[in-house]
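Keep the viewer open as you read.

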Amino acid sequence: MTVDHPLSKHSGVVKIVEVGARDGLQNEKGVVPTSTKIELLEKLSSAGLTHIEAAFGADKLTRKSPKWVPQMADTPEIMKHLRSDPPAAPAGVTYSYLTPNMKGLTDFITHSTSNTGVSVSEHASEIAIFGSASEAFSQKNINCSIAESLERFRPVVQRALDNGVRVRGYVSMVIACPYDGPTSPMKVAEVVEGLLDLGCYEVSLGDTNGVGTPGTIGTLVNYLIRDRGIPAEKLAAHFHDTYGQAIVNCLVALEAGIRTFDSSVAGLGGCPYSKGATGNVATEDLVYFLEGTGVRTNVDMEKIVEIGDWISKKLGRKNESKVGTALMARRRNDGSRL
């Protein structure tokens, strides 16, 4: 007797958005050399990932600027390199830059349209804006209320779209906030709908401090999709692994119809305004999980594991990927391939 795999209905291809080079590295205490960031982006591009967060730029009116996050002060250099010397990749890669205000967008457009002396590659770029479903976190993170943030984003998104630049949205603290407590799914829906109405093609749901469980994540995504009628294809899952729930939360999101997942190689990351928050679900762990359910990611597992091991050593930190750690240990023990 043949028994269908319980997750066979999820067969197909999902999109993984790699956030380690931006969301991950921005929280490192020591300044990571630009050369290391560029090498990481090149390695990630070679592993089959088609969507990679590269960096962000903003002015001093928000906390998301080199004044507040020195780690990201070299964004112009990174952007110039990616355009003038595009990384080799098995498929075209979209590089994303967080540009939540007009100054950041102006800089992005200037660098993107400047003459680099090379032909246009198959790679593309887009911008992203980020808001919060928590009023207190919005104030801590970007110095304004939720309503004010949406109004600030409006001209940014409009100008980006006028220039043919796609815009992705992020919503943080979708489950609970260390300052405001539990987040209402209704509040999350209002912010998601606000970002979609502005023109974002997709909104990533951020469990920023990793407190979500299958119960709370399930309640949220089902409310957004079933009750509010937000198309699942307009949503992405961005789960941190603080309490070890990220993978099972990804399963809940997958079952709800979400097909885009943010992850960070070696589990890099955290949140400077949420103490105790660890990195995103590790890309290695996510790929292992998804491929194990019959879902294709088109990501080279061997390469991504090697990249996680490499960047962890470069940073002098523990590799937070359980899959990456296990497979590298097996290789070192018996010399087998991953």
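Where does Ser-264 lie? Ser-264 sits in the loop between β11 (260-263) and α10 (283-292). Before going further, a word on the source: this is a predicted model, where local features need pLDDT of at least 70, side-chain atom pairs count only at pLDDT 80 or more, and totals for chains, interfaces and linings use all residues. Residues are numbered from 1 along each chain as its sequence is written, and side-chain values use heavy atoms, with hydrogens and water left out.

Ser-264 counts as buried, at 0% relative accessibility (buried means under 20% relative accessible area, exposed over 50%, partly exposed in between, with a 1.4 Å probe and protein chains only). Setting aside neighbours within four places in sequence, Ser-264 is in contact with Glu-18, Val-19, Gly-20, Gly-24, Asn-280, Val-281, Ala-282, Thr-283 and Glu-284, where contact means heavy atoms within 4.5 Å. Ala-266 lies in that loop between β11 and α10 too, and Ala-266 is also buried, at 0% relative accessibility. Have a look at its backbone: phi of Ala-266 is near 65°, a positive value in a residue other than glycine. Asn-298 is another non-glycine with a positive phi, about 60°, and Asn-298 is found in the loop between β12 (295-296) and α11.

Now for the helices. The chain has 12 helices and 12 strands; these are DSSP runs numbered from the N terminus, with helices being H or I of at least four residues and strands E of at least two. Two packed helices are described by the angle between their axes and the distance between the axes. Here the axes are lines fitted to C-alpha atoms, for helices over the stretch in contact, and angles run from 0 to 180 degrees between N-to-C directions.

α10 and helix α12 (residues 322-334) pack at an angle of about 90°, with their axes 6 Å apart. α10 and α12 are therefore roughly perpendicular to each other (65 to 115 degrees counts as roughly perpendicular, under 35 as roughly parallel, over 145 as roughly antiparallel and the rest as oblique). Glu-284, Asp-285 and Tyr-288 of α10 make the contact with Lys-322, Val-323 and Gly-324 of α12. Sorted by class, the contact of α10 with α12 has two nonpolar, one polar and three charged residues; Ala, Val, Leu, Ile, Met, Phe, Trp, Tyr, Cys and Pro count as nonpolar, Asp, Glu, Lys and Arg as charged, and the others, Gly among them, as polar.

How do α2 and α11 pack? Helix α2 (residues 34-46) and helix α11 (residues 301-315) have an angle of about 165° between them, with axes 9 Å apart. That makes α2 roughly antiparallel to α11. On the α2 side, Thr-36, Glu-39, Leu-40, Lys-43, Leu-44 and Ser-46 meet Lys-303, Ile-304, Ile-307, Trp-310 and Ile-311 in α11. The contact of α2 with α11 divides into six nonpolar, two polar and three charged residues.

One more loop: Ile-230 lies between α8 (214-227) and β10 (235-239). Ile-230 is buried, with a relative accessible area of 4%. The C-alpha atoms of Ile-230 and Val-192 are separated by 8.7 Å, although these residues are 38 residues apart along the chain.

To zoom out, buried residues make up 56% of the 338 residues in the chain.
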